[in-house]
Amino acid sequence: MAEAAQVSSLPLPPLQYVNLYTDENIQNKRAPSPPKPCMDSYTMFGSQYHADDPIIRPLESQNIRRLYPQNYDHKRELKKLNHSILVNFLDMLDILIRCPDTNKREEKKEDINLLFIHTHHLINEFRPHQARETLRVMLDVQKRQRIETTERFQKQLERVIEMLQQTTSNMPDSADMDCKLLVPTESIGVTEKEKQADEKEEHCYGLDRIMCDIVDAMV
(Lines give C-alpha, C1' and ligand atoms only; values in the text may rest on other atoms or scores of the structure.)
Protein backbone atom coordinates (compact mmCIF):
# COMPACT_ATOMS: atom_id res chain seq x y z
CA MET A 1 0.00 0.00 0.00
CA ALA A 2 2.88 2.35 0.72
CA GLU A 3 4.29 1.58 -2.69
CA ALA A 4 0.91 2.31 -4.31
CA ALA A 5 0.65 5.62 -2.48
CA GLN A 6 4.16 6.50 -3.59
CA VAL A 7 3.37 5.69 -7.22
CA SER A 8 0.10 7.64 -7.18
CA SER A 9 1.81 10.73 -5.80
CA LEU A 10 4.35 10.89 -8.63
CA PRO A 11 3.53 13.17 -11.59
CA LEU A 12 3.32 10.84 -14.57
CA PRO A 13 2.67 11.43 -18.27
CA PRO A 14 -0.82 10.32 -19.39
CA LEU A 15 0.35 7.31 -21.40
CA GLN A 16 2.67 6.07 -18.65
CA TYR A 17 -0.12 6.64 -16.13
CA VAL A 18 -2.49 4.44 -18.14
CA ASN A 19 0.11 1.71 -18.61
CA LEU A 20 0.28 1.23 -14.84
CA TYR A 21 -3.32 -0.06 -14.83
CA THR A 22 -2.42 -3.68 -15.60
CA ASP A 23 -4.38 -6.67 -14.30
CA GLU A 24 -1.48 -7.64 -12.05
CA ASN A 25 -1.18 -4.16 -10.53
CA ILE A 26 -4.92 -3.93 -9.96
CA GLN A 27 -5.01 -7.40 -8.36
CA ASN A 28 -2.04 -6.58 -6.10
CA LYS A 29 -3.47 -3.09 -5.37
CA ARG A 30 -0.43 -1.38 -6.84
CA ALA A 31 -2.28 0.63 -9.46
CA PRO A 32 -2.20 4.41 -8.94
CA SER A 33 -5.25 6.22 -7.66
CA PRO A 34 -7.40 8.09 -10.18
CA PRO A 35 -6.36 11.69 -10.72
CA LYS A 36 -8.30 14.30 -8.84
CA PRO A 37 -10.71 16.39 -10.92
CA CYS A 38 -9.52 19.84 -11.89
CA MET A 39 -11.50 22.35 -9.87
CA ASP A 40 -9.75 25.58 -10.85
CA SER A 41 -7.47 25.63 -13.90
CA TYR A 42 -5.24 23.32 -15.92
CA THR A 43 -2.74 23.48 -18.74
CA MET A 44 -3.27 21.66 -22.05
CA PHE A 45 -1.06 21.94 -25.14
CA GLY A 46 0.74 24.86 -23.52
CA SER A 47 -2.44 26.89 -22.95
CA GLN A 48 -4.09 27.71 -19.66
CA TYR A 49 -7.72 26.62 -19.26
CA HIS A 50 -10.29 27.06 -16.50
CA ALA A 51 -12.80 24.44 -15.42
CA ASP A 52 -15.75 26.76 -15.96
CA ASP A 53 -14.68 27.82 -19.46
CA PRO A 54 -17.08 27.05 -22.31
CA ILE A 55 -16.23 24.20 -24.63
CA ILE A 56 -15.41 26.59 -27.47
CA ARG A 57 -13.83 29.67 -26.01
CA PRO A 58 -14.41 32.96 -27.85
CA LEU A 59 -11.51 34.58 -29.60
CA GLU A 60 -11.59 37.62 -27.34
CA SER A 61 -10.91 35.49 -24.26
CA GLN A 62 -7.72 34.27 -25.96
CA ASN A 63 -6.57 37.81 -26.82
CA ILE A 64 -7.02 37.16 -30.55
CA ARG A 65 -8.32 39.83 -32.90
CA ARG A 66 -11.57 38.82 -34.56
CA LEU A 67 -11.65 39.07 -38.36
CA TYR A 68 -15.35 38.35 -38.86
CA PRO A 69 -18.47 39.79 -37.18
CA GLN A 70 -20.34 38.28 -34.23
CA ASN A 71 -23.23 37.12 -36.41
CA TYR A 72 -21.86 35.22 -39.38
CA ASP A 73 -22.36 32.28 -41.68
CA HIS A 74 -19.79 29.56 -40.99
CA LYS A 75 -19.72 28.31 -44.55
CA ARG A 76 -19.27 31.74 -46.04
CA GLU A 77 -16.57 32.78 -43.55
CA LEU A 78 -14.63 29.55 -44.07
CA LYS A 79 -14.60 30.15 -47.81
CA LYS A 80 -13.40 33.72 -47.28
CA LEU A 81 -10.67 32.55 -44.92
CA ASN A 82 -9.58 29.90 -47.36
CA HIS A 83 -9.27 32.47 -50.15
CA SER A 84 -7.42 34.86 -47.84
CA ILE A 85 -4.94 32.15 -46.85
CA LEU A 86 -4.27 31.38 -50.50
CA VAL A 87 -3.76 35.07 -51.38
CA ASN A 88 -1.48 35.69 -48.40
CA PHE A 89 0.53 32.60 -49.23
CA LEU A 90 1.12 33.94 -52.74
CA ASP A 91 2.09 37.28 -51.24
CA MET A 92 4.51 35.50 -48.94
CA LEU A 93 6.12 33.78 -51.92
CA ASP A 94 6.44 37.13 -53.69
CA ILE A 95 8.06 38.69 -50.62
CA LEU A 96 10.50 35.78 -50.25
CA ILE A 97 11.51 36.20 -53.88
CA ARG A 98 11.80 39.97 -54.00
CA CYS A 99 12.84 41.07 -50.52
CA PRO A 100 13.20 38.19 -48.05
CA ASP A 101 15.03 40.25 -45.43
CA THR A 102 12.34 42.90 -44.91
CA ASN A 103 9.83 43.14 -42.07
CA LYS A 104 7.01 42.39 -44.49
CA ARG A 105 7.89 38.71 -44.27
CA GLU A 106 7.18 38.63 -40.51
CA GLU A 107 4.03 40.68 -40.98
CA LYS A 108 2.76 38.32 -43.65
CA LYS A 109 3.66 35.35 -41.47
CA GLU A 110 1.56 36.79 -38.62
CA ASP A 111 -1.33 37.40 -40.99
CA ILE A 112 -1.27 33.80 -42.25
CA ASN A 113 -1.01 32.55 -38.65
CA LEU A 114 -4.04 34.62 -37.66
CA LEU A 115 -6.02 33.32 -40.63
CA PHE A 116 -5.24 29.72 -39.69
CA ILE A 117 -6.26 30.38 -36.06
CA HIS A 118 -9.63 31.72 -37.26
CA THR A 119 -10.10 28.75 -39.58
CA HIS A 120 -9.31 26.34 -36.77
CA HIS A 121 -11.68 28.19 -34.46
CA LEU A 122 -14.55 28.01 -36.95
CA ILE A 123 -13.91 24.30 -37.47
CA ASN A 124 -13.93 23.73 -33.70
CA GLU A 125 -17.30 25.45 -33.45
CA PHE A 126 -18.66 22.62 -35.59
CA ARG A 127 -17.42 19.97 -33.13
CA PRO A 128 -20.62 19.93 -31.00
CA HIS A 129 -22.68 19.56 -34.16
CA GLN A 130 -20.34 16.80 -35.32
CA ALA A 131 -20.70 15.02 -31.97
CA ARG A 132 -24.50 15.23 -32.13
CA GLU A 133 -24.51 14.00 -35.71
CA THR A 134 -22.18 11.12 -34.82
CA LEU A 135 -24.44 10.17 -31.91
CA ARG A 136 -27.49 10.36 -34.18
CA VAL A 137 -25.84 8.07 -36.74
CA MET A 138 -24.87 5.60 -34.00
CA LEU A 139 -28.45 5.56 -32.70
CA ASP A 140 -29.79 5.07 -36.23
CA VAL A 141 -27.44 2.12 -36.74
CA GLN A 142 -28.49 0.56 -33.43
CA LYS A 143 -32.16 1.11 -34.28
CA ARG A 144 -31.72 -0.50 -37.70
CA GLN A 145 -29.86 -3.48 -36.20
CA ARG A 146 -32.58 -4.01 -33.61
CA ILE A 147 -35.30 -3.76 -36.26
CA GLU A 148 -33.49 -6.34 -38.41
CA THR A 149 -33.07 -8.61 -35.38
CA THR A 150 -36.77 -8.25 -34.57
CA GLU A 151 -37.73 -9.04 -38.16
CA ARG A 152 -35.54 -12.15 -38.19
CA PHE A 153 -37.02 -13.27 -34.88
CA GLN A 154 -40.53 -12.69 -36.23
CA LYS A 155 -39.74 -14.80 -39.32
CA GLN A 156 -38.39 -17.61 -37.16
CA LEU A 157 -41.49 -17.40 -34.96
CA GLU A 158 -43.75 -17.62 -38.00
CA ARG A 159 -41.84 -20.68 -39.25
CA VAL A 160 -42.18 -22.38 -35.86
CA ILE A 161 -45.91 -21.62 -35.78
CA GLU A 162 -46.29 -23.00 -39.31
CA MET A 163 -44.42 -26.21 -38.39
CA LEU A 164 -46.59 -26.67 -35.32
CA GLN A 165 -49.74 -26.16 -37.36
CA GLN A 166 -48.60 -28.73 -39.96
CA THR A 167 -47.73 -31.20 -37.21
CA THR A 168 -51.09 -30.83 -35.49
CA SER A 169 -52.97 -31.08 -38.80
CA ASN A 170 -51.23 -34.38 -39.67
CA MET A 171 -52.06 -35.94 -36.32
CA PRO A 172 -55.21 -38.16 -36.21
CA ASP A 173 -58.27 -36.97 -34.39
CA SER A 174 -58.66 -37.97 -30.78
CA ALA A 175 -62.10 -39.52 -31.52
CA ASP A 176 -60.60 -41.84 -34.14
CA MET A 177 -57.80 -42.81 -31.81
CA ASP A 178 -60.33 -43.64 -29.06
CA CYS A 179 -62.37 -45.72 -31.49
CA LYS A 180 -59.30 -47.66 -32.58
CA LEU A 181 -58.25 -48.29 -29.01
CA LEU A 182 -61.71 -49.54 -27.96
CA VAL A 183 -62.51 -53.28 -28.24
CA PRO A 184 -66.06 -54.15 -29.34
CA THR A 185 -68.17 -55.51 -26.49
CA GLU A 186 -69.79 -58.08 -28.81
CA SER A 187 -66.46 -59.73 -29.52
CA ILE A 188 -65.66 -59.81 -25.82
CA GLY A 189 -69.01 -61.53 -25.11
CA VAL A 190 -68.49 -64.09 -27.90
CA THR A 191 -65.01 -64.84 -26.69
CA GLU A 192 -66.20 -65.46 -23.15
CA LYS A 193 -69.01 -67.77 -24.42
CA GLU A 194 -66.59 -69.76 -26.58
CA LYS A 195 -64.27 -70.16 -23.61
CA GLN A 196 -67.08 -71.47 -21.42
CA ALA A 197 -68.19 -73.91 -24.15
CA ASP A 198 -64.65 -75.22 -24.53
CA GLU A 199 -64.35 -75.78 -20.79
CA LYS A 200 -67.72 -77.65 -20.75
CA GLU A 201 -66.76 -79.79 -23.71
CA GLU A 202 -63.43 -80.63 -22.12
CA HIS A 203 -65.25 -81.66 -18.92
CA CYS A 204 -67.58 -83.99 -20.90
CA TYR A 205 -64.68 -85.65 -22.63
CA GLY A 206 -63.09 -86.35 -19.24
CA LEU A 207 -66.18 -88.22 -17.93
CA ASP A 208 -66.38 -90.33 -21.09
CA ARG A 209 -62.77 -91.29 -20.68
CA ILE A 210 -63.36 -92.39 -17.07
CA MET A 211 -66.37 -94.58 -18.07
CA CYS A 212 -64.35 -96.22 -20.82
CA ASP A 213 -61.63 -97.04 -18.36
CA ILE A 214 -64.15 -98.69 -15.99
CA VAL A 215 -65.62 -100.83 -18.78
CA ASP A 216 -62.20 -102.00 -19.91
CA ALA A 217 -61.36 -103.07 -16.36
CA MET A 218 -64.55 -105.16 -16.07
CA VAL A 219 -63.85 -107.03 -19.27
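This is a predicted model: local features need pLDDT of at least 70, side-chain atom pairs count only at pLDDT 80 or more; totals for chains, interfaces and linings use all residues.

Colleague: With which residue does R136 form a salt bridge?

Modeller: The cut-off is a distance within 4 Å between the nitrogen and the carboxyl oxygen. For R136, the closest N and O atoms of the pair are 2.4 Å apart, and the partner is E133.

Colleague: In which helix do R136 and E133 both lie?

Modeller: The two residues are 3 residues apart, about one turn of the helix. The helix that holds both R136 and E133 spans residues 127-170 and is α6.

Colleague: Are R136 and E133 buried, partly exposed or exposed?

Modeller: Buried means under 20% relative accessible area and exposed means over 50%, with partly exposed in between. R136 has a relative accessible area of 42%, and E133 has 39% relative accessibility. Because these values fall between the two cut-offs, R136 and E133 count as partly exposed.

Colleague: Which residues are linked in a network of salt bridges?

Modeller: Side chains of opposite charge can pair when their charged atoms come close. The pair of R136 and E133 belongs to such a network, whose members are E133, R136 and D140.

Colleague: How many salt bridges does the count come to?

Modeller: Besides the pair in α6, R30 meets E24 at 3.5 Å, N to O, and E106 meets R105 at 3.7 Å. R30 is partly exposed at 31% relative accessibility, as are E106 at 38% and R105 at 34%. By the same cut-off of 4 Å, the count comes to 7 salt bridges.

Colleague: Where is the place of K29, and what value is its phi near?

Modeller: K29 is in the loop between α3 (23-27) and β1, and at 59% relative accessibility K29 counts as exposed. Most residues other than glycine have a negative phi. K29 has a positive value although it is a residue other than glycine, with phi near 60°.

Colleague: Which element supplies the largest share of the lining of the largest pocket?

Modeller: The largest pocket has a volume of about 480 Å³ and is lined by 19 residues. Elements that each supply at least two residues of this lining are β1 (41-44), β2 (47-50) and α5 (104-125). The largest share, 4 residues, comes from α5.

Colleague: Which lining residues lie nearest the centre of the largest pocket?

Modeller: The lining divides into 11 nonpolar, 6 polar and 2 charged residues. Nearest the centre of the pocket lie Y49, R57, Q62, H120 and N124.

Colleague: Which residues form a nonpolar patch on the surface?

Modeller: One of the members, L86, lies in helix α4, residues 74-98. Together the members have about 460 Å² of accessible area, and they are L86, F89, L90, L93 and L96.

Colleague: What share of the residues of the chain counts as buried?

Modeller: The chain contains 8 helices and 2 strands, and from the N terminus on its elements run α-α-α-β-β-α-α-α-α-α. A residue counts as buried when its relative accessible area is under 20%. Of the 219 residues, the share that counts as buried is 11%.

Definitions and conventions. Residues are numbered from 1 along each chain as its sequence is written. Side-chain values use heavy atoms; hydrogens and water are left out. Patches are made of residues with over 30% relative accessible area and no salt bridge: like charges are joined within 9 Å, nonpolar side chains (Val, Leu, Ile, Met, Phe, Trp, Tyr) within 5 Å. Accessible areas come from the Shrake-Rupley method with a 1.4 Å probe; for residues, only the protein chains shown count as cover. A salt bridge is a side-chain nitrogen of Lys or Arg within 4 Å of a carboxyl oxygen of Asp or Glu. On a 1 Å grid over the protein atoms alone, a cavity is a set of points where a 1.4 Å probe fits but cannot get out, and a pocket is an open set with protein on both sides within 12 Å along at least five of seven lines; lining residues have an atom within 4 Å of a point. Grid points are joined across faces, edges and corners, and a volume is the space filled by probe spheres set on the points. Ala, Val, Leu, Ile, Met, Phe, Trp, Tyr, Cys and Pro count as nonpolar, Asp, Glu, Lys and Arg as charged, and the others, Gly among them, as polar. Buried means under 20% relative accessible area, exposed over 50%, partly exposed in between (1.4 Å probe, protein chains only).
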